[in-house]
Amino acid sequence: MLTIDKYSRVPIYEQIISQVEMHIALGDLQPGEVLPSVRSLSVQLSVNPNTLQKAYAELERRGLCYTVPGNGRFISADAPEKLRAARQALLGDIAHTAMQLAQAGIPLADVLSAVTAAYNEEITGGSK
């Protein structure tokens with residue numbers, strides 16, 4: 001389910017967070033579903049357990065999962081809604097920035113070009 005690119009400029013723990021968020025958003029990880037244990041995922045991905053612990057702690061901080069001592073980590077009941085709200089906030093940020101760019105007289109074509117380039121850079125991971 002989760003994969004990492006050890007050669008990416010994106011830190012491994014951020015890759016894990018991003019992928020868990022993606023799987024929640026796509027419905028692959030449902031509320032109440034258990035996340036793989038740090039130990040098993042560490043072996044599967046050949047990653048230091050501390051790195052995975054850091055990713056899981058951040059997911060918990062964001063309210064996307066919770067820990068049940070002795071039973072593991074589970075996807076929070078409201079995780080999909082929290083992700084939707086966070087993504088809507090990002091779109092609001094873009095709208096605000098777009099208004100500022102328009103007021104500064106920057107042509108829409110330049111803005112769209114910059115957004116497209118950044119979006120493609122994220123999707124391809126910087127590989128051309």
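The model looked at here is predicted, so local features need pLDDT of at least 70 and side-chain atom pairs count only at pLDDT 80 or more, while totals for chains, interfaces and linings use all residues. Residues are numbered from 1 along each chain as its sequence is written, and side-chain values use heavy atoms, with hydrogens and water left out.

Rings come up first. Rings of Phe, Tyr and Trp (its six-membered ring) pair if their centres lie within 6.5 Å; planes under 30 degrees apart count as stacked, over 60 as edge-to-face and the rest as tilted. Searching the whole structure turns up 1 aromatic pair. Its partners are Tyr 66 and Phe 74, stacked at 5.8 Å centre to centre with 25° between the planes. Tyr 66 counts as partly exposed because its relative accessibility is 36%; Phe 74, at 16%, counts as buried. Another ring, that of Tyr 13, has the charged end of Lys 54 sitting over it, 4.0 Å from the ring centre (the rule asks for NZ of Lys or CZ of Arg within 6 Å of the centre and within 35 degrees of the ring normal).

Next, the helices, which are DSSP runs (H or I, at least four residues) numbered from the N terminus. Two packed helices are described by the angle between their axes and the distance between the axes. Helix α1 (residues 12-26) and helix α4 (residues 79-103) have axes that come within 9 Å and cross at roughly 105°, the axes being lines fitted to C-alpha atoms over the stretch in contact, with angles running from 0 to 180 degrees between N-to-C directions. So α1 is roughly perpendicular to α4, a label for angles of 65 to 115 degrees. On the α1 side, Glu 21, Ile 24 and Ala 25 meet Ala 79, Pro 80, Leu 83 and Arg 87 of α4, where contact means heavy atoms within 4.5 Å. Sorted by class, this contact has 5 nonpolar, no polar and 2 charged residues.

Ser 46 sits in the loop between α2 (38-45) and α3 (49-61). Its phi is near 55°, a positive value in a residue other than glycine, and Ser 46 is exposed, with a relative accessible area of 53%. Tyr 119, in helix α5 (residues 108-124), counts as exposed at 58%.

Key:
Buried < 20%, exposed > 50% of the residue type's maximum accessible area, 1.4 Å probe, protein only. Helix = DSSP H or I, 4+ residues; strand = E, 2+ residues; numbered from the N terminus. Parallel < 35°, antiparallel > 145°, perpendicular 65-115°, else oblique. Nonpolar A, V, L, I, M, F, W, Y, C, P; charged D, E, K, R; others polar.
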